[in-house]
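Please look over the sequence and the model shown here before reading on. The report after it goes through one chain and then the places where chains meet.

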Amino acid sequence: MADTSVQGEGRRGALPAWPWKLVKLGATVALTFLGLLLVTFLIGRVVPVDPVLAVIGDRASQSVYDRVFVELGLDRPLYEQFWMYLQRVASGDFGESFLTKKPIAQDIARVFPATMELATVSIILGTLAGVPLGVLAAVRQGRLTDQIVRVVGLIGYSAPIFWLGLLGLLVFYARLHWVSGPGRIDISYEYSITPASGFLLFDTAMQGQWDAFRNVFGHIILPASLLGYYSMAYISRMTRSFMLTELAQEYIITARVKGVPEWRIIWVHALRNAAVPLVTVIALSYAGLLEGSVLTETVFAWPGLGQYLTNSLQNADMNAVLGGTLVIGGIFVGLNLLSDLLYTLLDPRVRRK
Amino acid sequence: MITRQWLLTEQPASRRQARLGQSYRTWVAFTANPLAMVGLGIVLLLIVLAVLAPLIAPYDPLISLDLRTQRLLPPSWTHPMGTDDQARDIFSRIVHGARITLLVVALVAVIATPIGLLVGTTSGYFGGWVDTILMRITDIFLAFPRLILALAFVAALGPGIENAIIAIAITSWPPYARLARAETLTIRNADHIAAIRLQGASSARIIWGHVTPLCLSSVIIRVTLDMAGIILTAAGLGFLGLGAQPPQPEWGAMIAGGRRFILDYWWVATMPGIAIFVVSLGFNLLGDGLRDVLDPKAGK
Amino acid sequence: MSLLSVDDLRVAFPSRHGPVEVVRGVSFTLGRERLGIVGESGSGKSQTGRAILGLTPHSGTSTAKRLEFDGIDLRNATPAQWRALRGARMSMVMQDPKFSLNPVMTIGRQLIEAARRVSSRAEARDKATAMLEAVQIRDPARVMAAYPHELSGGMGQRAMIAMMLITEPDLLIADEPTSALDVTVQVEVLRILDDLVTDRGMGLIFISHDLRLVSSFCDRVLVMYAGRVVEELRASDLGAAQHPYTRGLMNCLPQIKGGQRPLPTLQRDESWAL
């Protein structure tokens, strides 16, 4: 999971005025995007698969081969090809999937809501469990509770998620019948829902189809709990560390001197301060869930971006792989940007009126 | 004569004594943490298993036993972890798999650490444009989730354990570069570096001879902390069929192999998972303990 | 009856070589007067103040033969008793408003939180505004809406004093309340503190390293060294100090007439710490 240092010194220090900051931020994001494109472009170039053959198949004549070779721009210098690639991506064209024979952008738009729904439920579960556990561990630092939270977190860091998924299916689905099996929804319900947002929990609830809602819930709860456990491990650890920092501050003593009750000192005074860097952590673990989703979706036959990516990988569908990678990288950058902005919003010391 | 007292003295007589004393104190603090000791034990066990695999494993990891009678046997005294669908002893395969795991961890560390150090120290030492460009590149690599980028690289290079190692190494170096750069920035303006510069040493010499050794220890701690992650990434690639190829006894691939039978023959996929879990837990406990001892501020 | 009586107060912290006492048997009584505690850093003066409020850090322990505030035994006070006392009847001003005010809460919220101890929600806001005026802040509305980092050090410390006095406590401990401030505003803040303490007739423990400041500001002075009170005397009798450490401190003060050369250094004697 991403473990970038969150509390950079510079962030707490004085920042330049808003407009300048926005310009700088914009430039950084644009450059990073350009870099992402360059990396995927170069990966695409080193593939041993001949892109021409991928289009025409290996039975075509030499003249067809030559024509397609020129059509794909493969006779041009590398930088021109990169420029063409940029133009295509900018217009939302990631090429066509070799597997589904559809534009990749369309494929990704179709599978993306499933991944996002799973990640969102997971991050909610992870935050709801991780923050209180982290606070508890910090308050009881060095005592049994702290050790237990630490070990529970370390287990989360150590277990391969695809393995836990398999065991989860074995125990909770096959043996105990507590949850539904792989997939997002039972086939019997699949066609009764009018697709609206693509988020099935939301759609079924809006349309008042509570049977279908329960069915969707039964499907999502196990993979979401597992992914949530992973974010919980990270969130609780960071919460603990931020809370320890805050609880050692002078203003905590001030609050004690004022006779503020202990629960209020912890949950209002200290946590409100710890929340500022925590937002970054939560955004980062949301991004980390995209990573976890690749393996989880494979195990749970979850029809999302992760499964799309692995399917394409196993079938050497390079366009689809690069398109998916690019989208995930883009979301990653976007979430980082968002967490920066939220940081500014939450910390009055950085905020400028 | 090295005694406890000599090591713990408050007035060391020589630099060697001071250094040994410091290491000894670190060691004492480290051994006081039972969880860290468990971690150390697990890692040592992994190394022993890997080195002595042919002696420890009762059966050959690749050759099937009797396919008619010894397929998918549950755990028993003769097969402590059962057998798989090819009638191979799972315990023997796991013992041999320790070699692959150790190989991955070691090679990734050997490839990624120098890259990170080189990029980080160069960036920090020169500053200015060099710094901006190198750090931008680092950021771009950090912008991809690690597993996803590794997937894309393996997809391009073709599946296999070597390519998986290269892909993981390529995606592992950016945090080390960041760290080495931060360390370099604090060292760069130290007086002894200025003195070396005045003696006319070249930049390359200063970076490799004087800055890098000072960054090394913190980068190594960071690499240790990352090892569990490396193991999990390698296992994930193996599970997706992009890492070590069958019949190699790679743990992730073994889970993938046992996946089809999970409902009826649970042990086939469960046992290698336990191995991955225990080993990465071991590295995590070890790394955690190391951080507590060497960097009390971060661990708290 | 005295407001506070302390007998044989000890505060100890664990270390690698067993517990280390940083306060070693401090005794004094306090009425509605101004008591100064002077000493160099590490002399245990701050830990004495914190122990009186029951705020010894978790790692340390504090014990005493007698620790009584207005007839209440503080040694075995329950958390609930402490909460009833702290803020309402005893409070403390700390060194640096940059750290002692919560950075993500407005000054107003922090003041009202303190005021709510003794008044209703409706009254608390008016009380907070009035208190800010009492510490001579001219634009209370603006300061109420401000975050701590938006205030200067002097303003922040005034807000802190307002927050600690808003409940009209009987005892105020001021732990180096002006050391973090610019010299120019130190006097002003001290004057405000002095006026409020005198007006309300509360007991004050003024902790400082600055002997001259303490003697000009307090009725009585305790001089601490290495966790012990080495001398106790009336502020007016400072010239008659007996203990060599106190005399040493006095000699270190710069004098306008007849500068000393070489500058005197503070002589310490192992035996004082015994």
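## Basis of the model

This is a predicted model, in which local features need pLDDT of at least 70 and side-chain atom pairs count only at pLDDT 80 or more, while totals for chains, interfaces and linings use all residues. Residues are numbered from 1 along each chain as its sequence is written, chains are lettered from A and ligands numbered from 1 in the order in which they are written, and side-chain values use heavy atoms, with hydrogens and water left out.

## Chain B

Chain B contains 13 helices and zero strands. Helices here are DSSP runs of H or I with at least four residues, strands are runs of E with at least two, and both are numbered from the N terminus. The C-alpha trace of chain B spans about 75 × 55 × 30 Å along its principal axes.

Chain B has 300 residues, and 50% of them count as buried (under 20% relative accessible area; exposed is over 50% and partly exposed in between, with a 1.4 Å probe and protein chains only). Its accessible surface is about 13800 Å², and carbon and sulfur atoms hold 65% of that (Shrake-Rupley method, 1.4 Å probe; for residues, only the protein chains shown count as cover). Among contacts in chain B (heavy atoms within 4.5 Å) with a separation of 6 or more, 68% join residues 24 or more positions apart.

## Chain A with chain B

In this interface, 51 residues from chain A touch 45 residues from chain B. The two chains bury about 4300 Å² between them, with 73% of it on carbon and sulfur atoms; buried area is the accessible area (1.4 Å probe) that two parts lose on being put together, summed over both. Two salt bridges are found across this interface (a side-chain nitrogen of Lys or Arg within 4 Å of a carboxyl oxygen of Asp or Glu). R150(A) pairs with D288(B) in a salt bridge, with the closest N and O atoms 2.8 Å apart.

Why does T32(A) count as buried? Its relative accessible area is 7%, and the cut-off for buried is under 20%. T32(A) sits in helix α2 of chain A, residues 18–46. Beyond its neighbours within four places in sequence, T32(A) contacts V333(A) as well as R136(B), D139(B), I140(B) and A143(B).

## Chain C with chain A

Here 28 residues of chain C contact 20 residues of chain A. About 2200 Å² is buried between these chains, 59% of it on carbon and sulfur atoms. Three salt bridges cross this interface. R50(C) and E250(A) form a salt bridge through their side chains, at 3.6 Å from N to O.
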